[in-house]
Amino acid sequence: MKYRPERLEVAVGDTVTWTNRDVVPHTVTAQAAGIESGNIAPGASWSTTLRSRAEIDYLCRYHPTMKAVIVVR
Amino acid sequence: MKALAAVLALSLPFAALAQAPTDPQIAGIVVTANQIDVDAGKLAKAKSKNKEVQKFAQQMITDHSAVNKQAAALAKKLGVKPEESDTSRSLKQGARENMAKLKKLKGAAFDKAYIDHEVAYHQAVLDAIDKVLVPNAQNAELKGLIVKVRPAIAAHLEHARHLQETVAKK
């Protein structure tokens, strides 16, 4: 169970989409950055637009060993 | 030592298969194995006072319910009707015994028994996936679903092992 890629670099204003290819639900959660996807069911997707420069560490609320980072430049 | 004995006892139903299971039997084993862990999770969520154990139990309910939903959808799509087998029956028997045992326990003793069993159970399921279910599944999509489920089971096992260390300290 992991995010792929585990590190992603994007530009300010980019929209990032996560697609759940697993058989169990996941979330994209970064409390500090105010990001909370809510439940992403298997096969479903969720997107967010990143509007400021930041290094965002996020995890899955259900499976906290799943961690990744997005660098917004 | 106790945990090891539990693993052996649990792997027995899978290992004792006289014949290779058919796809309907494999579907039946998948559905049964998931439902058993959902039921145990519901009991643990209601009985445990330990936040970490409750979180784990909720994860088991969420994940194994999700897998079963997809297994049911796939079985319907393929026209495969899940069938009982000696394996699914012995899984159910083992689950009844485990639930009866857990219902008598409380507090830290409950947490330890629940988590020990979850470690043994997920290890047994992982072995069954590798040695019985994947090698014998004939339909590519059924096999594909089981392969896709494996990382979740491995993650559950890792999580349960981690909890085993924490509850042992209490």
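The model is predicted: local features require a pLDDT of at least 70, side-chain atom pairs count only at pLDDT 80 or more, and totals for chains, interfaces and linings use all residues. Residues are numbered from 1 along each chain as its sequence is written, with chains lettered from A and ligands numbered from 1 in the order in which they are written.

Chain B has six helices and zero strands, where helices (H or I, at least four residues) and strands (E, at least two) are DSSP runs numbered from the N terminus. Along the sequence the pattern is α-α-α-α-α-α. Of the 170 residues of chain B, 40% count as buried. A residue is termed buried if 20 or more other C-beta atoms lie within 10 Å of its own, exposed if 12 or fewer, and partly exposed in between, with C-beta atoms placed from the backbone. Two residues are in contact if their C-beta atoms, likewise placed from the backbone, lie within 7 Å. Among contacts in chain B between residues at least 6 apart in sequence, 82% join residues at least 24 apart.

Axes are lines fitted to C-alpha atoms, for helices over the stretch in contact, and angles run from 0 to 180 degrees between N-to-C directions. Angles under 35 degrees count as roughly parallel, over 145 as roughly antiparallel, 65 to 115 as roughly perpendicular and the rest as oblique. Helix 5 (residues 107-136) of chain B packs against helix 6 (residues 140-169) of chain B at about 155 degrees, with the axes 9 Å apart; these two helices are therefore roughly antiparallel. Their crossing is left-handed, meaning that the near helix is turned anticlockwise from the far one by less than a right angle (clockwise for right-handed). The residues of this contact comprise 17 nonpolar, four polar and seven charged. In this classification Ala, Val, Leu, Ile, Met, Phe, Trp, Tyr, Cys and Pro are nonpolar, Asp, Glu, Lys and Arg are charged, and the others, Gly among them, are polar.

Helix 2 (residues 23-47) of chain B and helix 4 (residues 86-103) of chain B pack at about 5 degrees, with their axes 9 Å apart, which makes the two roughly parallel. Residues on the helix 2 side include G28(B), I29(B), A33(B) and L43(B), and those on the helix 4 side include T87(B), L91(B), A95(B) and L102(B). The contact of helix 2 with helix 4 divides into nine nonpolar, five polar and two charged residues.

Helix 2 of chain B also packs with helix 5 of chain B, at an angle of about 165 degrees and with axes 12 Å apart; helix 2 is thus roughly antiparallel to helix 5. This crossing is left-handed. Among the residues that meet are I26(B), A40(B) and K47(B) of helix 2 and F110(B), Y121(B) and L133(B) of helix 5. By class, the contact of helix 2 with helix 5 has 10 nonpolar, one polar and two charged residues.

A nonpolar core is a set of buried Ala, Val, Leu, Ile, Met, Phe, Trp, Tyr and Cys residues joined through C-beta atoms within 7 Å. The largest such core has 43 residues, and V53(B), L133(B) and I146(B) have the most contacts inside it. Helix 2, helix 3, helix 5 and helix 6 of chain B each give two or more residues to this core, and helix 5 gives the most, with 12 residues. Beyond its neighbours within four places in sequence, I146(B) is in contact with V30(B), I129(B), L133(B), V134(B) and A137(B). Another core, of five residues, lies apart from the largest one and includes V28(A), L50(A), I56(A) and I70(A).

The contact between the chains takes 11 residues from chain B and nine residues from chain A. On the chain B side, helix 3 (51-78) and helix 6 are the elements that give two or more residues; helix 3 has the largest share, six residues. This side has six nonpolar, three polar and two charged residues.

Q70(B) is placed in helix 3 of chain B and, with 19 C-beta neighbours inside 10 Å, counts as partly exposed. Not counting residues up to four places away in sequence, Q70(B) touches V23(A), P42(A) and L145(B). In chain A, a cis peptide bond joins R4(A) and P5(A), with omega about -5 degrees; P5(A) is found in the segment before strand 1 (7-10) of chain A.
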